[in-house]
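Please read these notes with the model open beside you. They take up cavities, strands and confidence in turn.

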Amino acid sequence: MKRLRTTRRTMIATTALAALALSGAAVTTASADAPEKKSSSKGFTTTVVDFGAYTSKVEVADPKEPEDRDPTVNATNNTLAVSPNEKFAVATNSYSNHLVVIDVPSGKKVAEIKGYVSPRNILFAPDSKSFTVSDSARGVVDRISVFGFRVTQRLPLGAGVFGTAQSADGKWLYANNAAADTVTIVDLAHNRPTDVLTGFHEPRQGTKLSHSGDTLFVTNYGTGEVSVVDLENKDADPETIGGFKGLRAVSVNRAGDRLYAANSESDEISVVNLVSGKRTSVHVGDKPYGAALSPDGSVLLSGNMADDTLTAVNTADNSVIGTVESGPKGGLKGPRQAISFSADSKTAWVLNDDLTIAEVDVENLKVTDILGD
């Protein structure tokens, strides 16, 4: 396998929100804005940061195309995170200036968090009390409390910060930077970076941490490869797995011996045996951007952006179980990487282009509800 060179270097109570959602009251609005110039109808100003500090301001004209919102990374994506207690879902896409918060049990939108430019990835903390969001144009990763939806920490990690992964205990964050071709390791307990790994090629949203917490899988969109980083020995050159076509997203099973990758150019999910190197291709829908593995490891859902479907794959034999399309309460609209599962693997939540969420019955492959509409 080819190798890359790597070097080191507020307060709204939850009960009140539930009451707000059930009563149909107005949506709470919060803002993550630092003291910067406000957006205008003709254009907006954002602060692009260098590693460790705010350094410069970049004027960005009102974009005609979604990808033009970010002057550092020419790409669009979406992201969805559901809290471990399955109370809140937080969603956005990179061409929105805000995050949407939905109360999952009621299906109601309860908050909008404004002040972003190109939000890229959202992750909930294990205790469900906060979540992080990366913004590649601002160059920050923010931690936001669910009590009042205010920023409690802001990590300036550099313009281009994109995909993120975190350890199971929530103490470590791994942040891709698609502009700098790096991965930054952050000690969240002390709110500081400890290592910057280099030698990647446009690592975007796709980054996954093994269940054991000792291996990081980083997608390199620029080369169509996945870097396999040994976190116990960060100075070593990581192995790379290549041969993907339009690499968009990856998942790794609990045992750590199977990698699933979405190939948007060949309309396939690649299944790679990480022990033997054997590879299997599963044909799915049109332009698969997502490859989300259920918690029990039995089903993989491919988010097929171009034909508004999900393909369900049986991981036992890599056969296609069926396709999720529109349901009586609504349908799928441009599903991408943003797919989350319930803890029991029976329900999947899939983000739509309009920032509503399709709730899917995984066993019956049906959209049962649209949240946040």
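1. The second largest cavity is lined by T132, V141, D142, R143, Q153, L155, L173, L188 and N191. A cavity here is a set of points, on a 1 Å grid over the protein atoms alone, where a 1.4 Å probe fits but cannot get out, and lining residues have an atom within 4 Å of a point. Its volume is about 40 Å³, a volume being the space filled by probe spheres set on the points, with grid points joined across faces, edges and corners. By class the lining has four nonpolar, three polar and two charged residues. Ala, Val, Leu, Ile, Met, Phe, Trp, Tyr, Cys and Pro count as nonpolar, Asp, Glu, Lys and Arg as charged, and the others, Gly among them, as polar.

2. The model is predicted: local features need pLDDT of at least 70, side-chain atom pairs count only at pLDDT 80 or more, and totals for chains, interfaces and linings use all residues. Residues are numbered from 1 along each chain as its sequence is written, and side-chain values use heavy atoms, with hydrogens and water left out.

3. Which strand gives the most to the lining of the second largest cavity? Strand 10 does, with three residues. Strand 10 (140-145) and strand 11 (151-156) each supply at least two residues of this lining. Strands are DSSP runs of E, at least two residues long, numbered from the N terminus.

4. Two strands pair if DSSP finds at least two bridges between them. Strand 9 (residues 130-135) and strand 10 pair over six bridges in the antiparallel sense. T132 has R143 in strand 10 as its bridge partner, and both T132 and R143 are in the cavity lining given above.

5. The largest cavity has a volume of about 90 Å³. Its lining includes T76, F162, R204, Y221, R248 and Q337. The lining residues divide into four nonpolar, six polar and two charged.

6. Strand 7 (residues 108-114) pairs with strand 1 (residues 28-31) in parallel, through four bridges. A30 stands opposite I113 in strand 7. Strand 6 (residues 98-103) runs antiparallel to strand 7, joined by six bridges, and V101 stands opposite A111. Strands 6 and 7 form a hairpin with four residues between them, and G107 in the turn has a positive phi of about 80°.

7. Another open sheet of four strands has the order 28-29-30-31, also with antiparallel pairing. Strand 28 (339-341) and strand 31 (366-371) are the edge strands, each with a single partner strand, so one side of each lacks a neighbour in the sheet. Within this sheet, strand 29 (residues 347-351) and strand 30 (residues 357-361) are joined by five bridges. W349 has E359 in strand 30 as its bridge partner.

8. The mean pLDDT of the chain is 86, and 85% of its residues reach 70 or more; pLDDT is the predictor's confidence in each residue, from 0 to 100. Over residues 1-25 pLDDT stays under 50, and over residues 34-56 it is below 50. Where pLDDT is low, the predicted coordinates should not be read in detail.

How values were computed
On a 1 Å grid over the protein atoms alone, a cavity is a set of points where a 1.4 Å probe fits but cannot get out, and a pocket is an open set with protein on both sides within 12 Å along at least five of seven lines; lining residues have an atom within 4 Å of a point. Contact means heavy atoms within 4.5 Å.
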